[in-house]
Amino acid sequence: MPATSDIDAQAAHEVSRTQEAILAAYAELIEELGTDDVSFRLIARRAGVGERTVFRNYATRVDLLLATAAWIESRIFPRQDSASIFDMPLAIRAAMESYDHRPELAHVVAETTMRGISGAAPTPTRARLEQMVDAEIPSLEDAERIAIVAGLAHLDSAATWVTFRREFGMSRRDIADAAAWAAEAVLDPVRSRVG
């Protein structure tokens, strides 16, 4: 089974050049104008294509938003594969810092996944986390395994960054520290059980 970054890369390659131009243009415009004031005409102009081309590729605003959120996750916020499940706190720290550098785009990713728009994967790193847990800690009971994967998958998300930022008004450094600390707390009880 390919690693998550391989899956992301494969998905990104499945986007045609035209789609890439449309999604990149929309992401740029989101950072400049927000999501509400961006028309298909403006996206088409920025992408250098006709407005009909945008509609042909993304028939509805939801289709376009969903594709853009997936593109942002794979292109703007890519993940490095962790060699070990116990490296995840560092990976999560890095993800939180990258979300903080592009807050408008992080919000788009978070809102898309939190609202459960059809096709959005709320835990895109789940499969990779399950593989690492199974390989490194095979003695876990199912409930422990699920708890660890669920905890780490949800910590490693734009939704976590948005929650820490919006609800608690935390700084970039505090968000990164809190998310990494929480990931360590998830993993600490099983460190001695590495197989």
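This is a predicted model: local features need pLDDT of at least 70, side-chain atom pairs count only at pLDDT 80 or more; totals for chains, interfaces and linings use all residues.
The chain has an average pLDDT of 88, and 87% of its residues score at least 70. Over residues 1–10, however, the pLDDT is below 50, and this stretch has 11 contacts in the model beyond near neighbours in sequence.

Residues 39–58 carry the annotation "DNA-binding region" in an unreviewed UniProt entry.

The largest nonpolar core comprises 54 residues, among which I43, I85 and L152 touch the most other members. Helix 2, spanning residues 17–33, gives the most to this core, with 7 residues. Leaving aside residues up to four places away in sequence, I85 touches L129, M132, V133, E136, I137, L152 and L187.

The structure also holds 16 salt bridges. One of them joins the side chains of D177 and R93, with an N to O distance of 2.8 Å; this pair links distant parts of the chain, since D177 belongs to helix 11 (residues 172–187) and R93 to helix 6 (residues 88–101), 84 residues apart. A salt bridge at 3.4 Å, N to O, joins D100 and R172, and this pair likewise links helix 6 with helix 11, across 72 residues. Here D100 counts as buried, at 10% relative accessibility, whereas R172 is partly exposed, with a relative accessible area of 36%.

R191 and E184 meet in a further salt bridge at 2.3 Å, N to O. Elsewhere, salt bridges with shared partners join E28, E32 and R46 into one network.

Methods
Residues are numbered from 1 along each chain as its sequence is written. Side-chain values use heavy atoms; hydrogens and water are left out. pLDDT is the predictor's confidence in each residue, from 0 to 100. Contact means heavy atoms within 4.5 Å. UniProt positions are given in the numbering used here, feature names are shortened, and annotations may be inferred rather than shown by experiment. A nonpolar core is a set of buried Ala, Val, Leu, Ile, Met, Phe, Trp, Tyr and Cys residues joined through side-chain atoms within 4.5 Å. Buried means under 20% relative accessible area, exposed over 50%, partly exposed in between (1.4 Å probe, protein chains only). Helices (H or I, at least four residues) and strands (E, at least two) are DSSP runs, numbered from the N terminus. A salt bridge is a side-chain nitrogen of Lys or Arg within 4 Å of a carboxyl oxygen of Asp or Glu.
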